[in-house]
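Here are some exercises to work through with the model open beside you. Try each task before you read its solution.

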Amino acid sequence: MTSPAPSAEVPGTSAAPPRRKSVTGTRTTVAALFLLPALVLLGALVVYPIGYSVVRSFYDQSGDGFAGFDNYRALFTDDGIRTALKNNIVWVVFAPTVATALGLIFAVLTERVRWGTAFKLVVFMPMAISMLAAGIIFRLVYDQDPDKGVANAVWVGVHDTFAQSSAFPKAHPGRESPLEPAGGGAFITKEPVRAGEPVTLPLVGVAPDLMPDDARPAAKPPAEPGEITGTTWQDFTRGEGVGTLGAPDPSEFGYPGMRIEAVKDGEVVASTTAADDGTFTLPASAEGALLRLPADNFKEPYNGLDWLGPSLVTPAIIGSYIWMWAGFAMVLIAAGLAGVPRELLEAARVDGASEWQVFRRVTVPLLAPVLAVVTVTLMINVLKVFDLVFIIAPGSSQDDANVLALELYRKGFAEDQPGIASAIAVFLLLLVIPVMWFNVRRLRREVRR
């Protein structure tokens, strides 16, 4: 039995495998051509600057002399850089944590209200504002003057609700006054008072437009047997030679609410408060005492906190950052919350768990991956924060609010030390890489699931 003769190969034809290689090569070439512009931009805008910064960080200020690790050594010996590093640690610890916690609270609570969407829109709206605009807004919010700064306006309002400020901070005795300083900002009469003999306590120093709204024209005190009567008022009439010194005139106003104390042997035996026209009355027990106007009458009005001072500037700026980024955290967490199986939440409630237990033992553990991604993303963002610190912190406290990104700018441009600036840039990159690596690993793990 003979086997069939092998078929002859037709000349000029090619085998199938080479054709597949040709198609694959063409696709690779097309893909490379499409990726080429992106790779060129990536190299020009990312790879080259990183490489140049690494090289430049080993050279001195002129760029000609090799400095070795001196620039990196300066990161831990220069006072400005050390302050910036400490502040960055504060930023990394508090800003992402608080922003994520607020985002979680907002996301959970807005699920239970009808106007939750509107609330989310309002909270997320700051994300549409640039860092520059947000910095300008909060520079005004933290203004020291309560008439300009919202933060101090609220703070002073709350303070004055519980501790009323004085209406006469600049008041003081004028010439030929029966009053003299008593120490600590108080004033006292030079002579003891007698029952039935009216007492005049004239003061000056309060501008007419700053007098309290309830002030009335000063009245002469009537003589009352067995009582000490008197008047305390603004003894000043506009115009040269106008008015009588030491006596109330029709255009002069009393000091309403002025506190008067009768003091004998260093002890207060009686006290009273002046009426709207400045008149006051003390009992007979005050006879022979000296009348004292306590220092509380002349206390400077509370002016709020120095939000942008050395001690509060960093927390204040962190507050503005949280205002911007809490909405970002809320939106991502709300998206994760939408994917939580409702059956688990209902099962926990059926088993008798309170809402707090459901939140702590069911909702938060299920949202742990989302919370981790949000926190890590904000940590990366915080390590590079520059705009808010540069704009909000005034020159007097910018050194106290300094962060690494701002110090990089100052060393590179203001102080002309490009070597140290490059070292700071490389150091920032090294700080960001582990956080990015953690984030990428977590994202890949989630994708595999």
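**Exercise 1.** Sort the residues that line the largest pocket into nonpolar, polar and charged.

*Solution.* Step one: the lining divides into 14 nonpolar residues, 1 polar and 1 charged, where Ala, Val, Leu, Ile, Met, Phe, Trp, Tyr, Cys and Pro count as nonpolar, Asp, Glu, Lys and Arg as charged, and the others, Gly among them, as polar. This is a predicted model, in which local features need pLDDT of at least 70, side-chain atom pairs count only at pLDDT 80 or more, and totals for chains, interfaces and linings use all residues. Residues are numbered from 1 along each chain as its sequence is written, and side-chain values use heavy atoms, without hydrogens and water.

Step two: find the centre of the pocket, to which Ile50, Ala425, Val426, Leu428 and Leu429 lie nearest among the 16 lining residues. Step three: trace the elements that give two or more residues, namely α1 (16-56), α9 (355-383), α11 (404-414) and α12 (418-448). The largest share, 6 residues, comes from α12.

**Exercise 2.** Describe how α7 and α9 cross, and which residues make the contact.

*Solution.* Step one: the axes of α7 (residues 313-338) and α9 come within 10 Å and cross at roughly 145°. Step two: for the contact (heavy atoms within 4.5 Å), α7 supplies residues including Tyr321, Trp325 and Phe328, while those of α9 include Leu367, Val370 and Leu371. Step three: sort the contact residues, and you get 13 nonpolar, 4 polar and no charged.

**Exercise 3.** How far apart do the C-alpha centres of domain 1 and domain 2 lie?

*Solution.* Start with the bounds, which come from an automatic or database domain assignment: domain 1 is 69-155 + 307-447 and domain 2 is 172-297. Their C-alpha centres lie 56 Å apart.

Definitions and conventions. On a 1 Å grid over the protein atoms alone, a cavity is a set of points where a 1.4 Å probe fits but cannot get out, and a pocket is an open set with protein on both sides within 12 Å along at least five of seven lines; lining residues have an atom within 4 Å of a point. Helices (H or I, at least four residues) and strands (E, at least two) are DSSP runs, numbered from the N terminus. Axes are lines fitted to C-alpha atoms, for helices over the stretch in contact, and angles run from 0 to 180 degrees between N-to-C directions.
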